[in-house]
Amino acid sequence: MIESPASLQTKIADARALRNPQQLLDFIPYAAFIGAKAEVKGSGIIYRLDKRPSNIGNPSLPAIHGGVIGGFLELSASVEILYTAKVQALPRVVDFSIDYLRPGRYKAIYASCEVLRQGRKLINVSALAWQDDQSTPIATARCHFLIS
Amino acid sequence: MNLKFAIFKPMLKLAMERTGHGAALGFEITRVEKGEVELLFPYQAEVVGNPLTGVIHGGVIVSLLDTCCGSAAITMLDSRVVTPTMDLRLDYMQAAEPFQPVYVSAKVYKHTANVIFCRGSAWQDDRDNPIAHCVATFMKVETSSISLGSVMARQIKRFFQSKPTHLIREDE
């Protein structure tokens, strides 16, 4: 549990030092609620959302809830900032936009993020979600966060 | 209001509140009119995004607005059409107050042959001082196998199968 901004900063530094972005997800209750995971692969972080009944939107397909895919990408974007950008506090989301390209079928979803611009106050991140293959994405999102 | 719509309301509530992610979030649909839906989300510690402040994660607001806008879109159609979200854009005007419920409303502002355009808003104390605002578009897809009607039929069947005693008591 996080009690103070100082302990949060220590956790962020630890996660970076150990190259373990999962440690950042571990202190965000919402990440456990949807079951989001993160690990370093190659030069970046791959985020993963395993299938679970509580993430279903349309039970007759079944398909993953669009809101969960959105929440997962927004969460991934904020972890990307904590892990790669030099920020001391949790970024605050200002806006979020998502395009749904294909239905999210009932299996694992993967995501990657990219910080497109980091200013003093504002940071822009894009995120991509896929299931079988990165070249057939199920959703693409972009968001702005305040980082000061 | 016609009879078909009167039956539609509780079916929509059942499908949205009792299945999958809707059931996990634990919101309540409080109003259903043609093209307009409102819901209430009580505070839940499990969905916190900032452990320092207890503020809920933005992803919850995405899910609530997507559900509310999607429900409003469905009210415009007959039961053989489904409305997958094409896109959703959300502005966060201020952080949600922790430990307080969130109210969400959605309204269809344009309905064309292929696309339904929705606006949504989330607030706490004051409807005119929202915490978030969104626009979302929904595609109209003609189908029978994945429609809201078939989802609800399955749910109702399951509900009655699992709780027969409860059903009897309510009837009496």
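Okay, some housekeeping. The model is predicted, so local features need pLDDT of at least 70 and side-chain atom pairs count only at pLDDT 80 or more, while totals for chains, interfaces and linings use all residues. Residues are numbered from 1 along each chain as its sequence is written, and chains are lettered from A and ligands numbered from 1 in the order in which they are written.

Let's start with the sheet. Strands of a sheet pair through backbone hydrogen bonds, either parallel or antiparallel. For us, two strands pair if DSSP finds at least two bridges between them.

Here we have an open sheet of 12 strands with antiparallel pairing, and its order is β1(A)-β2(A)-β6(A)-β7(A)-β8(A)-β5(A)-β6(B)-β9(B)-β8(B)-β7(B)-β2(B)-β1(B). Which strands stand at the edges? They are β1 (36-41) of chain A and β1 (28-33) of chain B; each has a single partner strand, so one side of each has no neighbour in the sheet. On average, neighbouring strands are turned by 20° against each other, direction ignored. That angle comes from axes, which are lines fitted to C-alpha atoms (for helices, over the stretch in contact), with angles from 0 to 180 degrees between N-to-C directions.

β1(A) and β2(A) are antiparallel and share six bridges. Along them, A:A38 has A:Y47 as its bridge partner, and A:K37 sits opposite A:R48. Their hairpin has two residues between the strands, and A:G42 takes a positive phi near 65° there. Next, β2 (44-49) of chain A is joined to β6 (109-118) of chain A by three bridges, again antiparallel.

Two residues are in contact if their C-beta atoms, placed from the backbone, lie within 7 Å.

Next, the helices. α4(A) lies across several strands of chain A together with β6 of chain B, at about 50° to β6(A). Over in chain B, α3(B) lies across β5 of chain A and strands of chain B including β7(B), to which it runs at about 45°. α3(B) covers residues 58-74, 17 residues in total, and reaches 24 Å from first C-alpha to last, close to the 24 Å expected. That expected span is 1.5 Å times one less than the number of residues.

Is α3(B) buried or exposed? A residue is buried if 20 or more other C-beta atoms lie within 10 Å of its own, exposed if 12 or fewer, and partly exposed in between, with C-beta atoms placed from the backbone. In α3(B), 17 of the 17 residues are buried, so the helix is largely enclosed by the rest of the structure. For chain B, 39% of its 172 residues are buried. In α1(B), the buried residues include B:F8 and B:A15.

Last stop, the core. A nonpolar core is a set of buried Ala, Val, Leu, Ile, Met, Phe, Trp, Tyr and Cys residues joined through C-beta atoms within 7 Å. The largest one has 86 residues, and those with the most contacts inside it include A:F72 and B:L64. Leaving aside neighbours within four places in sequence, A:F72 is in contact with residues including A:A111 and B:G59.

Technical notes. Helices (H or I, at least four residues) and strands (E, at least two) are DSSP runs, numbered from the N terminus.
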